[in-house]
Amino acid sequence: PRPAALAAPKELSLIFDAALADHRAVAERLQVKLHGLGYRISLKPLPRAQLRARADFELALQSVLVPPVPSLAVALALELGSRHQDLAALLAPLGAIADEKARASAAQALAQKLWPELPLIPLYAQSMGIQSSAQVQNVRLDAQGLPLLDAAFLGQDP
């Protein structure tokens, strides 16, 4: 069931990256969806540098490249959720786990425990892509789909 609308409309500002068309589309969709619940969202596009530097916002859209290593992903979520002061205390026990699979499992359990406390809402996932010409050879991708160029080279023209 849909939540009841607010009795008195609430006005909020949503900042987003002006350079990203996806951000504008998501911001506009949120504006429409939340309007029916009694929120009046004013959209504020900002240049990326200003968006990253802002600390005084009500709502913000940010693109984040989540690392494929669970403990690093937890660290990033803590940092984005303004819980920087908890990083050492929460991540030190993970770092003490020698077995990689056990550490990943513990990090996932910690993430599930912390999730309700963090002021973050994942809205959508987006993948990266890369194209290269036939002359660029041996381009491999890492676990996130990012190119590994350490072994890439330019081949000879056909």
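Predicted model: local features only at pLDDT ≥ 70, side-chain atom pairs only at ≥ 80, totals over all residues.
Local features need pLDDT of at least 70 and side-chain atom pairs pLDDT 80 or more, while totals for chains, interfaces and linings use all residues. Residues are numbered from 1 along each chain as its sequence is written, and side-chain values use heavy atoms, without hydrogens and water.

Three strands form an open sheet in the order E2-E1-E3, paired in parallel. Strands (E, at least two residues) and helices (H or I, at least four) are DSSP runs numbered from the N terminus. Pairing requires at least two DSSP bridges between two strands. E2 (39-46) and E3 are edge strands with a single partner each, so one side of each lacks a neighbour in the sheet. Helix H1 (residues 21-35) packs on the sheet and touches E1 and E2. The directions of H1 and E2 make about 170°. Axes are lines fitted to C-alpha atoms, for helices over the stretch in contact, and angles run from 0 to 180 degrees between N-to-C directions.

Ala-18 lies in the loop between E1 and H1. Its relative accessibility is 47%, so Ala-18 counts as partly exposed (buried is under 20% relative accessible area, exposed over 50%, partly exposed in between; 1.4 Å probe, protein chains only). Beyond neighbours within four places in sequence, Ala-18 contacts Pro-45, Leu-46 and Pro-47 (contact: heavy atoms within 4.5 Å). Leu-51 is 33 residues from Ala-18 in sequence, with a C-alpha to C-alpha distance of 9.0 Å.

Val-64 sits in the loop between strand E3 (59-60) and helix H3 (70-80). Val-64 counts as partly exposed because its relative accessibility is 36%.
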